[in-house]
Amino acid sequence: MLVSDTPEWKALQAHADTTAALHLRDLFAADPDRGTRMCAEGAGWYLDYSKNRVTAETLDLLQRLADATGLRAGIDSMFRGDRINTTEDRAVLHTALRRPAGTSLVVDGVDVVAEVQAALARMASFSDAVRDGRWLGHTGRPVRNIVNVGIGGSDLGPRMAHDALAWFSRRDLTVRFVSNVDGTDFYESTLDLDPAETLFIVCSKTFGTLETLTNARTARDWLKRALGPDAAVERHFVAVSADSGAVAAFGIDPDNMFPMWDWVGGRYSFDSAIGLSLMVAIGADAFREMLAGFHEMDEHFRTAPWQANIPVLMGLLGVWYGDFGGAQTHAVLPYSQYLARLPAYLQQLDMESNGKRVTRDGVAVGFETGPIVWGEAGTNGQHAFYQLIHQGTKLIPCDFVVFAQPNEALGDHQDLLVANYLAQTEALAFGRTAAEVEASGVAPALVAHRTFPGNHPTNSLMARRLTPRTFGALVAAYEHKVFTQGWIWGINSFDQWGVELGKQLAQAIVPELGPGEPDLAHDSSTDALVRRYRELRGT
């Protein structure tokens with residue numbers, strides 16, 4: 001049965017009709033203590049969700065929906081290692097990547113925690129060798145430049161995490177990321193690097209991803225042009241993969257391969273060996289501190305009741321706006337420059353996970369699933385797209401993220417930053433009425449232009465300071481928010497078949513762009529574009 005056929009869903013639809021005219025001004029006027037009650041706390045994070053268009057009844061109905069869909073059982077299934085990725089017949093065990101040493105989780109006769117801890121120990125040994133200058137390149141010089149070569153989850157996660165935790169990184173090491181098959185990406189990322197001091201970390205589960213292998217081959221050619229055709233590739237390349245044969249065929253010593261497992265999707269993987277570049281940058285101790293933050297939020301999600309559960313509350317509110325309020329998008333607005341790439345990371349996490357149109361049973365859904373996720377760091381976004389949120393015609397729920405203490409205090413910057421964070425959620429919630437505008441002395445012709453309707457929903461997330469631990473907990477909160485929504489909708493959040501079709505078609509088109517006259521059999525638009533490209537390229 002589709003979730004939309006349940007009595008709980010229909011009760012929410014009826015409730016949405018009766019509460020459509022509610023305004024946050026009225027909700028706060030009727031309940032002055034709302035801001036101190038509608039909050040949750042866990043794993044170092046404080047969530048204020050009081051500035052949402054919800055009542056106590058709304059929250060109760062949403063929690064009943066969670067119960068009706070078996071969310072608690074779903075959470076237990078994931079943590080237990082059941083094969084909840086049904087279309088690929090796989091367990092979903094990214095949470096095992098951050099379980100503490102000394103614990104155990106046996107799945108199909110294998111203690112996956114022991115495997116993870118062994119991989120972490122190898123990563124730490126390698127990371128220490130690079131950081132200490134003991135890992136030498138072909139010419140005998142220490143490695144000072146790390147280039148992560150991957151795409152999707154093998155790039156977005158470690159790149160975002162490296163930026164987020166830059167304050168904790170070794171500044172005498174240069175860490176770069178190459179993902180785009182556009183040669184410009186590789187060229188610009190390596191332009192100022194010395195090949196003799198450069199190490200490439202090639203991340204690909206299959207070691208066959210087109211973009212990643214194209215960039216890896218270019219890196220190998222770049223290295224050999226500079227150091228000679230007999231340069232020891234194994235001193236300048238390591239791999240993160242599940243295919244040792246393909247790694248060896250490329251020229252990388254399998255002893256320098258770090259494992260990936262099929263029970264970790266790419267978008268959930270930067271706390272695995274995919275984060276090797278991050279560990280080199282921040283060190284093994286800080287990396288393990290990040291894992292501890294992930295695990296702390298995992299336990300909060302696993303054990304906290306719905307009314308106090310940060311990821312569940314965020315997930316339920318997203319269902320409320322997307323399925324009963326008409327919202328199409330969700331904005332994530334971190335008031336931390338370190339988290340500037342968080343929205344881009346969450347685009348993949350959320351949209352690749354929950355961008356599905358059929359249930360786990362293959363039945364077409366008749367309701368909205370995953371939102372379009374976007375955002376920008378505050379205060380930059382305030383001078384770009386906030387205008388549309390404040391006075392436009394679209395409903396855009398927003399998450400505001402901030403830290404109370406800066407990592408580096410500079411004058412009054414932090415107070416100004418947090419003042420903006422607080423002011424924006426207040427302005428979005430309550431706006432400014434026409435009467436208030438008139439009372440301020442604005443010319444009558446401008447009253448309509450200066451009126452702000454308010455009633456725009458926001459979540460406010462706050463932690464004391466950006467550390468590896470609070471960062472890990474924040475990412476885990478969003479992972480579990482995505483799980484919550486996917487489970488309620490009855491979809492599989494852990495496959496990504498939509499990524500595959502374009503890859504397959506691209507492989508077929510590649511030979512048509514090279515020398516010789518191709519026999520084209522696409523649609524008229526694609527055929528015409530291929531011919532125009534060949535003409536402009538001169539092939």
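Biologist: Is Gln348 buried or exposed?

Modeller: Gln348 counts as buried, because its relative accessibility is 10% and buried means under 20% relative accessible area, exposed over 50% and partly exposed in between, with a 1.4 Å probe and protein chains only. Keep in mind that this is a predicted model, where local features need pLDDT of at least 70, side-chain atom pairs count only at pLDDT 80 or more, and totals for chains, interfaces and linings use all residues. Residues are numbered from 1 along each chain as its sequence is written, and side-chain values use heavy atoms, with hydrogens and water left out.

Biologist: Thanks! Which helix does Gln348 lie in, and what is it in contact with?

Modeller: Gln348 lies in helix H14, residues 342-354; helices are DSSP runs of H or I with at least four residues, numbered from the N terminus. Leaving aside neighbours within four places in sequence, Gln348 is in contact (heavy atoms within 4.5 Å) with Gly152, Gly153, Leu156, Arg267 and Ser353. For Gly153, the backbone nitrogen lies 3.5 Å from a polar atom of the Gln348 side chain.

Biologist: Switching topic: where is Arg25, and what does its side chain reach?

Modeller: Arg25 is in helix H2, residues 24-30. The Arg25 side chain reaches the backbone oxygen of Phe430 at 2.7 Å. Among the other residues in contact with Arg25 are Gly431, Arg432 and Pro453. At 28% relative accessibility, Arg25 counts as partly exposed.

Biologist: Nice. How do H12 and H19 cross?

Modeller: The axes of H12 (residues 284-303) and H19 (residues 468-489) come within 7 Å and cross at roughly 40°; axes are lines fitted to C-alpha atoms over the stretch in contact, with angles from 0 to 180 degrees between N-to-C directions. That makes H12 oblique to H19, since angles under 35 degrees count as roughly parallel, over 145 as roughly antiparallel, 65 to 115 as roughly perpendicular and the rest as oblique.

Biologist: Which residues make the contact?

Modeller: Including Met290, Phe294 and Met297 of H12, and Phe471, Val475 and Phe483 of H19.

Biologist: And H5, which residues are buried there?

Modeller: In H5 (residues 71-80), the buried ones are Leu71, Gly74, Ile75, Ser77, Met78 and Phe79. They pack against H4 (56-68), H12, H13 (310-324) and H19. Just after H5, Gly81 takes a positive phi of about 95°.

How values were computed
Helices (H or I, at least four residues) and strands (E, at least two) are DSSP runs, numbered from the N terminus. A polar contact is a pair of N or O atoms within 3.5 Å; within protein, one must be able to donate a hydrogen and the other to accept it, and residues adjacent in sequence count only if both atoms are side-chain atoms.
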